[in-house]
Amino acid sequence: MTGNVIAAVLLAVIVETAHFVRLRWNFDDHGYARSWHLSTIAIIVLLVVFWLDDSHRSLAVSRVMGWLPVLLFPVQFTQSYGLQTSIPLNIFSFFARQRYERNLRHGLQESVIKLNFGNAYLVITLVASTLGEQANPYFYLPGIVLLIGWPMVRNRRKRPAGVLFALFIATLFALTGQATLHFATSKYSYRGKDSGSGTGLDAKTSHTQIGKLGDIKVSRDILWRLKIRKGDPFPSLLRAASYNRYINGTWDTRLPPGSRSLVLDFQDLSAYGTSDSEDYYLIRANADGKEATLPTLPRFSIRGSVNNKSLLPMPGNAASIKDFELDGIERNSFGTIRIYPQNPIIDGTILWGDHQSPEVPPWPQQDLAVIRSESRTVAEVVESLGLKSAPTLDEKLNIVKRWFDQNFTYTRYLSIPAFYDASANPTTAISQFLTTDRKGHCEYFATAATLLLREAGVPTRYTIGFAVRETDPKDGTAVIRGEHCHAWCRVWDEKNGIWKDFDPTPGNWFALEEQRLGKSSFQWLADGLLIAREDFFLWRNRPKNQLIISIIVTILAVGALIVIIRRLAKSRHVVHEHQSAESVFESNIRTALNELEPTAKKILGPRPPGQSLPQWLLPLQGLIAAPELVAEAITLHQKLRFDPAPSSKSVKDRLQSLADQIREQLDRLADAKA
Amino acid sequence: MPDLPTPARLEQAVCSVVRGQEPVIRRILATMISGGHVLLEDYPGTGKTTMAKAIAAAISGSVFKRVQFTPDLLPSDILGISVLDPRSQEFRFHPGPIFTNILLADEINRASPRTQSALLEAMAEGQATIEGERHDFGSLFFVIATQNPVEFRGTYPLPEAQMDRFALQCTLGYVSAAEEVAILADQVQTHPVDQLEPVVSRDEILELMDAAKKIRFSEELRHYTVALVAATRSRPEVQLPASPRASLALMKVSQALALFEGLDFVSPEIIQSVAVDVIAHRLVLAPEAKYLGQNARQIVEDIIAQTPVPV
């Protein structure tokens, strides 16, 4: 279902009109093959378009399925408007056609399987109507009950129990079908939803790997691409979201009592228009528009796939953004930026670097809290490091940084169980990390550092985002992949009144990571495809290019249509009257013997169209107990049916009674057979 | 046998002479009653002449004549000729063998097309115009023509237009061994046809012909008849399809056949039973169909099987 009602009605009208108009074409094998080629080309083109277009690439196939009735219309057209009642099956296979043509050249006989495409088209249309965005499962159940139930009811004689049973079976089928469909949809259609960059990140909660065991799997797919303005520095960390409460491996956001709910915490960013008519969004709440959009500020453009409510990564001291095509952009108290993009792929510029931060000042109760289960270990460590007595913030940060650098090892292979032994001391993952294991990945470092600094009296938050590691200084470009996901801290600098980044993870973490993962040999191909797709999408989406593309596509489509219509117009035939008027004169006389036909069919099989009733019923004489009944019934039937002279009512009654007797015997016979 | 109805008596008499051919005899007699003519395509010695003779012998007051067609036969040999009578100094017309009730035209395809035409024109009109004078043949005029299968040597195949003038074409074919033994037994002393007594009068035959016209033929079956004949016009393997004359003949022969079945109306089975014999010989197949080994009878059988029959 494509939701395009006008197209659907138009196609249906064209297909059904074939029954009323006498316009026909004498398609030969080439004609049928050409219609199939046309359909194939259309399918491939649409598949490519959907693949380029859609942020869920796995959905492209099912979307194309939804369009199949339109795409296969050329084939159905040849079926409906061809002089032949069926089309050769071998047009659908290139190799079968080659073999057929070779055989023809060599004068070999080959029997061609003929297919009435109308039936296949009906099935395709039914399948398509259950797929796509507009498919409504509520149509499915009554529809399938109707479709299955109707022939079942038709095939039974009028027995209420039988009808009910048939409907019950139909409902059973329908429910099974619906359950299967639902299962398949949920399993396959939306699987790719979380693969978009940033969508896996949530503004309110971050479930860390702390306390879990085993290797952390990271994707090497490109999530974002940066282009730095010439001469500007590279940002080192791009923040996606910050959190302030830690509970057993999970970081989430906690507002001070009496403030608005977390949902309402998100506020629209204020827009700022400058003289050169460029629209900026100011990242900070009370920013001075002029300062935040100064042309001297370093800037970079960023490009990637997004979903609704994706988090936009940016440096912690970002000032403003521009050029993004957005329906909305909002920011919460933690400085997390959430966007509502117009397209699945966005591109825009971020300005940064003016020593300010978008977060609100710290809330002492939340941003200095250390969870009770960790408090003892943390207090001991802070004590031993002399963190509390260090005079300045920078010194405190230095102590922590140095301590981690010298005593801890970075690894993405997790070996700290959350609660390995209740009697042992310490028990939590962070406590083990700080005291015994001293091995872990960035989430351990960031969480531990946050807790240590809070204990030392520095308001600190846990932050996740991306580290800018894969840079090309010559071009001024950088690539951010799934493996660049990182976690660090935001610490409150009381002196300057801003939040700033503090990355406690040992500096060599990324080099270690690179070594461990090694290079994938096909990564360049995946990267190339992704880059080409994103760039083409953005190029296509520019208003100027959009116009050019739609003009070119329209010219091509109209041209192809004109060629097809002209060729069709040249070769059209009008079917002569006698072919459509060939339908036999239908008499409205039906005798009791006619009514017997469905019953007799169960024993004799269907009657060929050219076989008369007496001939067809002849074998019955050898099957039933009273053969003379059949002979007499046939005679009476012939008289009633084909003698134009009026017959008396007694003949009719006699035939009725004969037919009833025969029916009785037939039912017995059918039961015995069953 | 006087207690039997006229058609049955006639049928029984002919069958007593020509053994093992009951269905064909009934169709041939029905054609006669319907006013049509029969073309028998058969091998020599299968009883064509005997049958014609038997029919003639069974009808009292009927005249039977036989013409053996040869390549040098002239139209006047069939129609008759005027000869100058020296005494009266006048031309006197000597009627040819065509002035008869039942005519056996043997091996019709051995004569030249000119002679064939003379006979066939006369057959269609029921009269002959000879030297500007019209001669009627009378109310009972029935031609049984025989022809050898066309592959035989020394034959002139009948033109398509003239095949159309025969209401029915059928074959007798060889009979079963048992029937052949019975034929031998019959003919030990004399030929049974010589002992055949007339069982019906000429007037009774004329009455039958009237009765056949009154056999009821429903509107629906008229459509069915036309559908069968018209179907030959949409078959690609048929070059020259059947004409409305075929529909007409199919209706008339069916009516007469119903009379023999003892019915007073026509049923679809009767139409189906004669449709092949009535339609097939009128079709000219396309060359490619001929080389593929198809024949007209098969095609008509096909049409019967495919055309929905009223039930």
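The legends describe a predicted model, in which local features need pLDDT of at least 70 and side-chain atom pairs count only at pLDDT 80 or more, while totals for chains, interfaces and linings use all residues. Residues are numbered from 1 along each chain as its sequence is written, and chains are lettered from A and ligands numbered from 1 in the order in which they are written.

**View 1. An open sheet of four strands in chain A.**
The strand order is β10-β16-β17-β14, with antiparallel pairing. Strands (E, at least two residues) and helices (H or I, at least four) are DSSP runs, numbered from the N terminus. Two strands count as paired if DSSP finds at least two bridges between them. Strands of a sheet pair through backbone hydrogen bonds, either parallel or antiparallel. β10 (267-268) and β14 (310-311) of chain A each have a single partner strand, so one side of each is left without a neighbour in the sheet. For β14(A), two antiparallel bridges link the strand to β17 (residues 337-341) of chain A.

**View 2. Strand β15 (residues 318-322) of chain A and its pairing strands.**
Four of the five residues of β15(A) are buried, so the strand is largely enclosed by the rest of the structure. A residue is buried if 20 or more other C-beta atoms lie within 10 Å of its own, exposed if 12 or fewer, and partly exposed in between, with C-beta atoms placed from the backbone. Strand β12 (residues 279-282) of chain A pairs with β15(A) in the antiparallel sense over three bridges. Within this pairing, A:Tyr281 has A:Ile321 as its bridge partner. β15(A) also pairs with strand β18 (residues 345-352) of chain A, again antiparallel, over four bridges. Here A:Lys322 stands opposite A:Thr349.

**View 3. A:Thr635 in helix α23 (residues 627-642) of chain A.**
A:Thr635 has 16 other C-beta atoms within 10 Å, so this residue is partly exposed. A:Pro614 is 21 residues away from A:Thr635 in sequence, and their C-alpha atoms are 8.7 Å apart in space.

**View 4. Two spans of chain A listed by UniProt as "transmembrane region".**
The unreviewed UniProt entry lists several such spans in chain A, including residues 36-52 and 83-100. UniProt positions are given in the numbering used here, feature names are shortened, and annotations may be inferred rather than shown by experiment. Residues 36-52 of chain A are 100% helix and 0% strand, and the end C-alpha atoms lie 24 Å apart. Residues 83-100 of chain A are 39% helix and 11% strand, with end C-alpha atoms 21 Å apart.

**View 5. The contact between chain A and chain B.**
Chain B contributes 24 residues and chain A contributes 20 residues. Two residues are in contact if their C-beta atoms, placed from the backbone, lie within 7 Å. On the side of chain B that touches chain A, α10 (219-231), α12 (268-279) and α14 (296-306) each supply at least two residues. Of these, α10(B) gives the most, with seven residues. By class, this side of chain B has 13 nonpolar, seven polar and four charged residues. Ala, Val, Leu, Ile, Met, Phe, Trp, Tyr, Cys and Pro count as nonpolar, Asp, Glu, Lys and Arg as charged, and the others, Gly among them, as polar.

**View 6. The largest nonpolar core.**
A nonpolar core is a set of buried Ala, Val, Leu, Ile, Met, Phe, Trp, Tyr and Cys residues joined through C-beta atoms within 7 Å. This one has 115 residues, and those touching the most other members include B:Val14, B:Leu250 and B:Val253. Helix α11 (residues 244-261) of chain B gives the most to this core, with 10 residues. Leaving aside residues up to four places away in sequence, B:Val253 touches residues including B:Ala30, B:Leu168 and B:Val278. Another core, of 81 residues, lies apart from the largest one and includes A:Tyr280 and A:Phe445.

**View 7. Confidence along chain A.**
pLDDT is the predictor's confidence in each residue, from 0 to 100. The mean for chain A is 81, and 88% of its residues reach 70 or more. Confidence in chain A is lowest in helix α18 (residues 577-580), at a mean of 45, and highest in strand β22 (residues 460-467), at 93. Over residues 190-199 of chain A, pLDDT stays under 50.
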